[in-house]
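Please look at the sequence and the structure shown here, and keep both in view while reading.

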Amino acid sequence: MTLWWIGDVLLLVAVLPVVVYLLKGVLDAARGIVPSVRRIAAAADAGSRDLDAVPLLLTTQDQVRQTVEVVANYGGSLDVIVDDAE
Amino acid sequence: MPAAGVVMIVAVVLIVLALVYYLVSTIVALRQITAGLDEAIEGVKGIIEKSAPVEGVVKDINGNLDAGVDLLEGLLVKKAGLTDAMGLIEGLYPGAAADGLRNFPDSKEVKPPRISEVYTKGTLTLARLGREAPIAAASPNGPVLRNVEGGSLDARELYPEIRQKRPERMPRSPVIGTDSPVQYEPATKEDE
């Protein structure tokens, strides 16, 4: 009977607090990850929205090509009109 | 049942209740994490899909710009000579000549002449207007300073007096081109 009581005391004084402590640690860690994951999701979403303007690069590409063509035409004309330095 | 047995049962029940509470709470938190990661993955997928064509487009843009730079640098050096070209660049963008021209490594060693003191102020003013272009936004002197009220007078004062006070008596500049009222004969070489 005495051993039984000792077992009861151990359960209540040692085992139960240790179990609660460990489980609470796991729960706190899991809850700490949640806001971080939400921030990551928000950042990824914002980054994706920032890239919505990427198709405009095609317009830029076309404009640059046309501009360089015009510059090349002017350069060719200047090459004919203006004398060389030497 | 002895009292010790009852206490043990109560202790076990307490432990089980603690296990249930904390494990269920942990499961809920892990599910929230899973949902958040799903959202993050969708965002990352969007980033990957949208940025996929960027490399090719940017390379093409850079290629075209490189060709433009090559052309302009070559033309400037061909027409003005390397020394005067560096002087013109230094006059327009002070300090830029130290960087040299990309296709002319020797240009870094050229001591740029002070062309800004040789060419007229109007010539450099016209050239400096290019500083308003986005590509020249990083000019060491900052954005172009344009004197709206006095700029025209300053430019006019560069020319002889007759151009300022009696411009109406001056003959107009000849109109050239295929539609001009007076057609000039094309220039011929002496040996022809």
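This is a predicted model: local features need pLDDT of at least 70, side-chain atom pairs count only at pLDDT 80 or more; totals for chains, interfaces and linings use all residues.

Residues are numbered from 1 along each chain as its sequence is written, and chains are lettered from A and ligands numbered from 1 in the order in which they are written.

To speak of burial we need a cut-off: a residue is buried if 20 or more other C-beta atoms lie within 10 Å of its own, exposed if 12 or fewer, and partly exposed in between, with C-beta atoms placed from the backbone. By this rule 5% of the 86 residues of chain A count as buried, and for the 192 residues of chain B the share is 9%.

The next topic is contact, and here two residues are in contact if their C-beta atoms, placed from the backbone, lie within 7 Å. Within chain B, among contacts between residues at least 6 apart in sequence, 58% join residues at least 24 apart. Between the chains, the contact takes 45 residues from chain A and 43 residues from chain B. On the side of chain B that touches chain A, the elements giving two or more residues are helix H1 (3-51) and helix H2 (54-80) of chain B, and H1(B) gives the most, with 26 residues. Sorted by class (Ala, Val, Leu, Ile, Met, Phe, Trp, Tyr, Cys and Pro count as nonpolar, Asp, Glu, Lys and Arg as charged, and the others, Gly among them, as polar), this side of chain B has 27 nonpolar, ten polar and six charged residues.

How do the helices of the two chains lie against each other? Axes are lines fitted to C-alpha atoms, for helices over the stretch in contact, and angles run from 0 to 180 degrees between N-to-C directions. H1(A) and H1(B) pack at an angle of about 15 degrees, with their axes 8 Å apart. That makes H1(A) roughly parallel to H1(B), because angles under 35 degrees count as roughly parallel, over 145 as roughly antiparallel, 65 to 115 as roughly perpendicular and the rest as oblique. H1(A) passes H1(B) in a left-handed crossing, a term used if the near helix is turned anticlockwise from the far one by less than a right angle, with right-handed used if clockwise. The contact of H1(A) with H1(B) has 35 nonpolar, nine polar and seven charged residues.

Two residues show this region in detail. A:Gly47, placed in helix H1 (residues 2-50) of chain A, is partly exposed because 15 other C-beta atoms lie within 10 Å; leaving aside its neighbours within four places in sequence, A:Gly47 is in contact with B:Gly43 and B:Ile47. B:Ile15, which lies in helix H1 of chain B, counts as partly exposed with 17 C-beta neighbours inside 10 Å, and B:Ile15 touches A:Val15, A:Leu16 and A:Val19, not counting residues up to four places away in sequence.

H2(A) passes H2(B) in a left-handed crossing, and their contact has 15 nonpolar, five polar and three charged residues.

Inside chain B, H2(B) packs with helix H3 (residues 82-92) at an angle of about 115 degrees, with their axes 7 Å apart, and this crossing is right-handed. The contact is made by B:Leu76, B:Val77 and B:Ala80 of H2(B) and by B:Leu82, B:Asp84, B:Ala85 and B:Leu88 of H3(B).

Finally, a nonpolar core is a set of buried Ala, Val, Leu, Ile, Met, Phe, Trp, Tyr and Cys residues joined through C-beta atoms within 7 Å. The largest nonpolar core has nine residues in all, including B:Leu76, B:Val77, B:Met86 and B:Ile115. H2 and H3 of chain B are the elements that give two or more residues to this core, and H3(B) gives the most, with four residues.
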